[in-house]
Amino acid sequence: MDRALATVDARRDPAQPLYLQLDFFEPHQPFAIPGGMEEREREIRAVLGLPESYERLAADGFRAQGPEPRVYRMYRRNWGLTDPATALDYRVAHQLQFEHLDGMIGRFLDGLAERGLYDSSWVFFLADHGEMNGELALLDKGAFLRPQVIRVPLVVKPPAGLASGALPAPGATVDVPASLLDLAPTVLEVAGLRTSEARDGMSLLELARLGRRPDDRPVLCDVWSHVVPNPCIGTVFASGDRDLHLFTYNAADDLDELYELGGGREGENLLYDPAKAAVRSEAVRLMDR
């Protein structure tokens with residue numbers, strides 16, 4: 001953080017806008033307890049448990065429950081966490097690194113405030129992928145597409161005193177899927193820059209104004225390989241009943257996936273549930289389009 005703030009201080013013309021991107025490796029294995037957080041580690045360990053999906057699998061010898069593409073079984077067998085004590089260690093260390101990162105970002109934001117720059121700045125906070133964190137006895141992001149690995153934090157802090165109408169009203173909810181591909185168009189818009197180049201995403205501000213995602217800007221995500229190859233592509237969409245779903249097409253497997261986003265069945269593959277037949281057909285049509 002000291003180097004980041006030194007970069008802010010060293011800019012040649014303080015009157016000119018500054019773009020600064022800070023990239024953090026944590027939270028990421030190999031995990032370790034950050035120095036000075038030993039007491040916090042004990043506090044977290046006292047209250048943190050294992051996910052319900054872990055306990056359910058462990059009770060049945062870690063055998064798949066319901067339709068599951070083979071990539072999950074491969075990851076669980078070779079890179080999974082079938083020892084409960086190790087799985088808990090992983091989750092505790094993961095939480096500690098989140099808190100350590102939170103403190104570092106807080107130092108940077110405090111530094112901006114001390115320099116009188118916080119109120120006039122756009123701040124974007126995001127992550128590149130999610131984490132299984134012990135769910136289904138799996139860790140990291142794998143080479144698969146399911147809710148836990150495609151959902152990431154995305155927090156945007158606009159400048160104070162922005163013109164009315166530029167953003168949704170305070171307290172308003174914009175229930176529209178967003179993608180990391182939307183960040184570049186957003187930054188270009190707030191910087192007052194226009195480009196004729198084709199782009200896959202759209203400005204989050206435009207998305208909020210529209211209140212819906214246009215058909216030609218779908219949320220798409222894909223995987224080719226991470227440790228093992230598993231070519232697959234997914235799309236997030238609002239189905240006819242307005243519920244959000246993730247549909248994953250696995251090109252190298254005879255099993256595909258459909259997940260509700262939110263609610264009690266989020267981690268369950270519903271593609272073969274008769275009650276989801278209409279949503280399944282809708283998902284296939286959307287993917288084809």
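Reply: Helices (H or I, at least four residues) and strands (E, at least two) are DSSP runs, numbered from the N terminus. The model is predicted, so local features need pLDDT of at least 70 and side-chain atom pairs count only at pLDDT 80 or more, whereas totals for chains, interfaces and linings use all residues. Residues are numbered from 1 along each chain as its sequence is written, and side-chain values use heavy atoms, with hydrogens and water left out.

Me: How many helices and strands are in the chain, and where is Glu 131 found?

Reply: The chain has 9 helices and 6 strands. Glu 131 is found in the loop between E1 and helix H6 (147-150).

Me: Is Glu 131 buried or exposed?

Reply: Buried means under 20% relative accessible area, exposed over 50%, and partly exposed in between (1.4 Å probe, protein chains only). Glu 131 is buried. Of the 289 residues of the chain, 36% count as buried.

Me: Which side chain of opposite charge is nearest to Glu 131?

Reply: Lys and Arg count as positive and Asp and Glu as negative; His and the chain ends are not counted. A salt bridge is a side-chain nitrogen of Lys or Arg within 4 Å of a carboxyl oxygen of Asp or Glu. For Glu 131 the nearest side chain of opposite charge is Arg 91, 8.2 Å away, and Glu 131 has no salt bridge.

Me: With which residues is Glu 131 in contact, leaving aside its neighbours within four places in sequence?

Reply: Contact means heavy atoms within 4.5 Å. With those neighbours within four places in sequence left aside, the contacts of Glu 131 are Gln 29, Tyr 90, His 94, Leu 139, Asp 140, Gln 148 and Val 149.

Me: Which are the buried residues of helix H7, and why do they line one face of the helix?

Reply: In helix H7 (residues 183-190), Leu 183, Pro 185 and Thr 186 are the buried residues. Seen down the axis of H7, they fall within an arc of 165 degrees, so they line one face of the helix; the arc is that of the directions from the helix axis to the C-beta atoms.

Me: Against which elements do the buried residues of H7 pack, and what follows H7?

Reply: Their packing partners are strand E1 (123-126), strand E2 (154-157) and helix H8 (204-210). After H7 comes Gly 192, with a positive phi near 75 degrees.
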